[in-house]
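Me: I'd like to learn how to read a structure like this one. Could you walk me through it?

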Amino acid sequence: MEKKKWFGLVAIALGVAAIIVDATIVNVAIPSIIKDLRITSSQAQWIQEVYTLVFASTLLVFGRLADRVGRRNMFMLGVLIFVASSLLAAQSQSGEMLISMRLLQGLGGAMMLPTSLSILNSTFFGKERGIAFAIWGSTIGAAAAIGPLIGGWLTTNLSWRWAFGINLPIGIVVLAGTYLFVKESKGENELGIDYVGAVLSVLLMGSLVYALIEGRNHGWWRTASGVGMSSIPFFFLASIIFAALFAKIQISRNRSGKPVLFDLSLFKITSFRNANFAAAVVSLGELGLLFSLPLWLQNALGYSAFKTGVVLVPLAVGAFVASGAGSGLVQKRGPVFVVQLGIALEMVGIFLTALNIQSTVSMWKIGAPLFLYGVGVGFATAQLTGVVLSEVPVERSGQASGMASTMRQLGSALGIAILGTVLFSAFGSNLAALHQPQLQASLVQSAGAMIQNMPEASATIAKTAFAQAASLSAFVAAAFLFLGFLATLSLNQQRS
């Protein structure tokens, strides 16, 4: 069993890598998808966003359900749905079909991510658990960085369809490894299901994440055109109402001894509460770099999809390096120290990257700080996960893992909303030197994609404007990581 569980960890980590890669791989493939399927800019946006929306909205439900039906069963079902929808996505002949398959991919991914955490939490103990979480966390960091590289190579040399088709061989390996080497486990033996809580959680997360994602496009208060009130405030209001109803029903059912979707008493556990908050803030900051950097490299500097992926390779290498060094540091200094060190390295890496974002720059000036950033991601992501679950009873690890994953996704969605607004607002303001309002609006709407086809004088102004905006976005990301670092200071008194 000792050897089998480590083989099982490899299968679980590979499955997690697939869903994380899929969340980033579309970023570099989307220009080819637009051209091939002749889709609108709105459809292109939804191809990217529907995955995140569904993924974040259902994490808590599937994490809790895994406790009841079996964590291995839920993980394998998620892999099947993810692979099947990937194959159909690769065959898409229209934007509508691709959007639908991305929705199903999000469902499959939501079944896999929290379940992978609860499987590790119920399989590994003591020092081995720290090592397992380090591998899991570094896999996420490396996958987020290597996704654009894989997607860029496949898109450039084969077709964007292979960016989805590659999930078939990966899925087969994951399914076989999970079936052979992962032991089934379940949580409490409860009677009944909290259907109302499940529905409310999906409505809560769906409305909140939708508002965060679409706020920049529809207008945070008034419509983007300035005429009338935007729908976004109503989605925020709806999320608040759903949150209040969800909390009231969960507390009431818990007092009555009925099964709940999420036991709010878990927040009484200091490590769970504080580490979840820190993870959300850190996720918010981490998204800054991976959101703005590919856009700047491709649209402003004219890099190909593959070359963009190559620039991000040092990030992946750094995350892998951290997986090897992290476990030793944890034994010597404890997980909280490693988390704080990781966030500090991320801050320095992003800060140095922000200083180097210019209208022209050599690849090594971006790659070197990205390596530092990657090491930080590897340290912080893995050990924050371990701290979140360190004092959670194993039988409740499914719902706790679901909440931990949900908090990360909330932070990511908030990061996209805030940092995206900073990026494009600054880009628009910096384009004032063009003295062409219509061209300025078109450049912002295309996220700078028009730059490469502009006259040299105008293109130079636009490149400088985009670089300044991307740099500002990265500085803001570093500031949020600093807040995340401050949040980890409350973890110092916890068990390590």
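Me: What should I know before I start?

Reply: This is a predicted model, where local features need pLDDT of at least 70 and side-chain atom pairs count only at pLDDT 80 or more, while totals for chains, interfaces and linings use all residues. Residues are numbered from 1 along each chain as its sequence is written, and side-chain values use heavy atoms, with hydrogens and water left out.

Me: How many helices and strands are there in the protein?

Reply: Helices (H or I, at least four residues) and strands (E, at least two) are DSSP runs, numbered from the N terminus. Here you get 17 helices and zero strands.

Me: What share of the protein is buried?

Reply: Buried means under 20% relative accessible area, exposed over 50%, and partly exposed in between, using a 1.4 Å probe and protein chains only. Of the 496 residues in the protein, 57% are buried.

Me: And how do I read the contacts across the chain?

Reply: Contact means heavy atoms within 4.5 Å. Take the contacts between residues at least 6 apart in sequence: 82% of them join residues at least 24 apart.

Me: Now the helix pairs. At what angle do the axes of helix 3 and helix 4 cross?

Reply: Axes are lines fitted to C-alpha atoms, for helices over the stretch in contact, and angles run from 0 to 180 degrees between N-to-C directions. For helix 3 (residues 71-90) and helix 4 (residues 95-123), the axes cross at roughly 155° and come within 7 Å. Angles under 35 degrees count as roughly parallel, over 145 as roughly antiparallel, 65 to 115 as roughly perpendicular and the rest as oblique. Helix 3 and helix 4 are therefore roughly antiparallel. In the contact of helix 3 with helix 4 there are 15 nonpolar, ten polar and two charged residues. For those classes, Ala, Val, Leu, Ile, Met, Phe, Trp, Tyr, Cys and Pro count as nonpolar, Asp, Glu, Lys and Arg as charged, and the others, Gly among them, as polar.

Me: What is the hand of the crossing where helix 3 passes helix 4?

Reply: A crossing is left-handed if the near helix is turned anticlockwise from the far one by less than a right angle, and right-handed if clockwise. Helix 3 passes helix 4 in a left-handed crossing.

Me: Which residues of helix 3 and helix 7 meet?

Reply: From helix 3 come Arg72, Phe75, Met76, Val79, Leu80, Phe82, Val83, Ser86 and Leu87, and from helix 7 come Asn167, Leu168, Gly171, Val174, Leu175, Thr178 and Tyr179. That contact has eleven nonpolar, four polar and one charged residues. As for the spacing, an α-helix has 3.6 residues a turn, so residues three or four places apart point the same way. The axes of helix 3 and helix 7 (residues 167-181) are 9 Å apart, at an angle of about 165°. Helix 3 and helix 7 are therefore roughly antiparallel, and their crossing is left-handed.

Me: What about helix 13 and helix 14: how do they pack?

Reply: The axes of helix 13 (residues 335-356) and helix 14 come within 7 Å and cross at roughly 155°. Helix 13 and helix 14 are therefore roughly antiparallel, with a left-handed crossing. Their contact divides into 21 nonpolar, six polar and two charged residues.

Me: How far does helix 14 reach, and how covered is it?

Reply: The expected span of a helix is 1.5 Å times one less than its number of residues. Helix 14 (residues 363-389) reaches 39 Å from its first C-alpha to its last, close to the 39 Å expected. Helix 14 is mostly covered, with 21 of its 27 residues buried.

Me: And helix 9, which residues are buried there?

Reply: In helix 9, the buried ones are Ile232, Pro233, Ser239, Phe246, Gln250 and Arg253. Helix 9 (residues 232-255) reaches 35 Å over its 24 residues, close to the 34 Å expected. After helix 9 comes Gly257, with a positive phi near 80°.
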